[in-house]
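User: I would like to go through the labels in this model one at a time. Please set each value against its cut-off.

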Amino acid sequence: MLDNRLKFFLFLLLIFSNQGKSQSHASFHTQRNYFKTGFTEVNNLIVIPAILNGDTHLNLILDTGSPYTLLIDFDYTNDISIKKGRQMTIGGLGQGFELQAYDSRFNHLKIAAATRDDTHLILILDSKLKLSKYLGMPVHGIIGFDIMKDFVVEIDYPAKQITFYQHNFFYEKKKRKISRFEKIPLEFHQRKPYIRGSIISENIQIDSARFLVDTGGWDAVWWFKNSKPNLQIPARHIADTLGISINGPVTGFRSKTDRFILHHFEFEKPTTSFPDSASLTNAVTFEGRNGSVGGEILRRFHVIFDYKNQNMFIRPNKNFKDDFYYNMSGIKLQKTYTLLPFLEIVYVRPGSPAYHAGIKPGDFVTSVNGNEIEEGELGWVNALFKSKPGKKITISLLRNGNKIVKSFILKDEL
């Protein structure tokens with residue numbers, strides 16, 4: 001999702017859950033005991049390179065919250081090679097909503113030194129979620145469970161590196177490494193990993209709440225307010241567009257809760273999003289889920305996932321004590337035109353610093369604080385907008401062909 005959150009509501013879960021069972025034993029293979037790949041971090045998201053059917057180069061978000069491999073955005077791909085499948089219309093995902101998709105099997109997918117010859121792909125043909133535009137770089141889809149289940153997966157956020165280990169090798173050779181980590185049990189439901197944690201807000205404490213472990217979400221915490229009605233949205237909050245799903249905008253409220261506790265690690269004043277009920281109408285959840293833990297928490301740890309043995313190992317890294325901020329500008333940007341050196345403002349939050357400065361949706365940003373926008377440069381601008389309260393932002397804009405300059409001061413409204 002966009003801004004401080006990219007959570008993909010994978011509405012296809014119920015539809016394809018029976019099909020997925022037939023491929024539960026299919027796997028990625030490698031001749032190595034372990035292999036590594038670098039990744040690009042965009043707004044706390046992990047983007048890894050892949051090659052499809054030998055000639056189509058893709059960038060995929062590694063999303064632990066995704067039970068299937070999805071291709072969503074084809075704007076940056078002139079020709080995509082997939083195996084013949086079947087087109088389908090998916091209905092029943094909300095009043096009047098139908099989704100065109102293509103079901104393709106037996107595709108060859110290569111990620112670093114691992115390959116799989118029977119990859120099942122779901123192509124979303126009319127998604128409203130244009131990953132590349134909102135992330136400022138070519139991003140074509142999502143992969144999660146399909147590769148996470150086959151290896152012990154170590155994510156080093158500061159080094160921007162992932163190491164995939166064969167299970168036997170890892171536990172034979174890396175005993176000393178994992179002895180320095182805290183082990184947290186994972187619970188699985190429909191190919192998604194969950195952990196237990198506690199959340200405290202305005203003198204209400206919820207213990208042993210169930211959170212989706214979600215590397216595909218860039219907020220710190222999401223909380224489904226209807227799952228535990230006694231924990232309400234804090235008094236200080238803002239109404240905001242929390243993100244974009246394949247079915248359109250996800251709206252709700254953004255706030256900070258008092259504390260979030262994971263194992264024995266405590267976080268003070270984490271940013272917490274409360275999606276509204278209408279936005280969650282089509283979200284595939286289950287009764288026991290209370291929320292999600294996303295990239296803004298996970299990036300503070302060195303993380304090792306072992307889906308096979310249902311464990312997660314964590315150790316704080318240099319990001320652990322970072323303050324929790326959000327996009328304080330109120331601006332949401334996208335890279336509307338691939339090769340042109342500007343970004344489009346698609347939303348301005350009412351009452352925000354940018355709103356009071358007179359910045360409007362449809363304006364085009366050509367530079368920020370004297371730094372000109374170049375191709376693909378969206379990540380650093382979003383990072384600047386969530387840097388720290390009191391920072392002055394000066395933006396050069398194009399509006400109806402005219403050049404204008406606007407300035408404002410970042411303000412923490414939470």
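Analyst: Start with the burial terms: buried means under 20% relative accessible area, exposed over 50%, and partly exposed in between, with a 1.4 Å probe and protein chains only. Strands (E, at least two residues) are DSSP runs, numbered from the N terminus. In E20, Phe265 and Phe267 make up the covered face, Glu266 and Glu268 the uncovered one. The model is predicted: local features need pLDDT of at least 70, side-chain atom pairs count only at pLDDT 80 or more, and totals for chains, interfaces and linings use all residues. Residues are numbered from 1 along each chain as its sequence is written, and side-chain values use heavy atoms, without hydrogens and water.

User: Why is Phe265 called buried?

Analyst: Its relative accessible area is 10%. The limit is under 20%. Therefore Phe265 is buried.

User: What makes the pair of Phe265 and Phe320 edge-to-face?

Analyst: Rings of Phe, Tyr and Trp (its six-membered ring) pair if their centres lie within 6.5 Å; planes under 30 degrees apart are stacked, over 60 edge-to-face, the rest tilted. Here the centres are 5.9 Å apart and the planes stand at 70°, so the pair is edge-to-face. Phe265 is in strand E20 (residues 265–268) and Phe320 in the loop between strands E24 (311–316) and E25 (331–334), so the pair ties together parts 55 residues apart in sequence.

User: Is Phe320 buried or exposed?

Analyst: Buried: its relative accessibility is 18%.

User: How many aromatic pairs does the rule give?

Analyst: The count is 22. One of them is Phe39 with Tyr157: centres 6.3 Å apart, planes at 80°, so this pair is edge-to-face too. Phe39 and Tyr157 are 118 residues apart. Phe39 and Tyr157 are both buried. Ring pairs also link Tyr34, Tyr165, Phe169, Phe170 and Tyr171 into a cluster.

User: How do you know that E19 and E20 pair?

Analyst: Two strands pair if DSSP finds at least two bridges between them. Strand E19 (residues 259–262) and E20 have 4 bridges and run antiparallel. In one of these, Arg259 partners Glu268 of E20. The strands form a hairpin with 2 residues between them, and His263 in the turn has a positive phi of about 60°.

User: Which residues does Ser367 touch, and why is Ser367 called buried?

Analyst: Contact means heavy atoms within 4.5 Å. Leaving out residues up to four places away in sequence, Ser367 touches Glu372, Ile373, Thr394, Ile395 and Ser396. Its relative accessible area is 9%, so Ser367 is buried. Ser367 belongs to strand E27 (residues 364–368).
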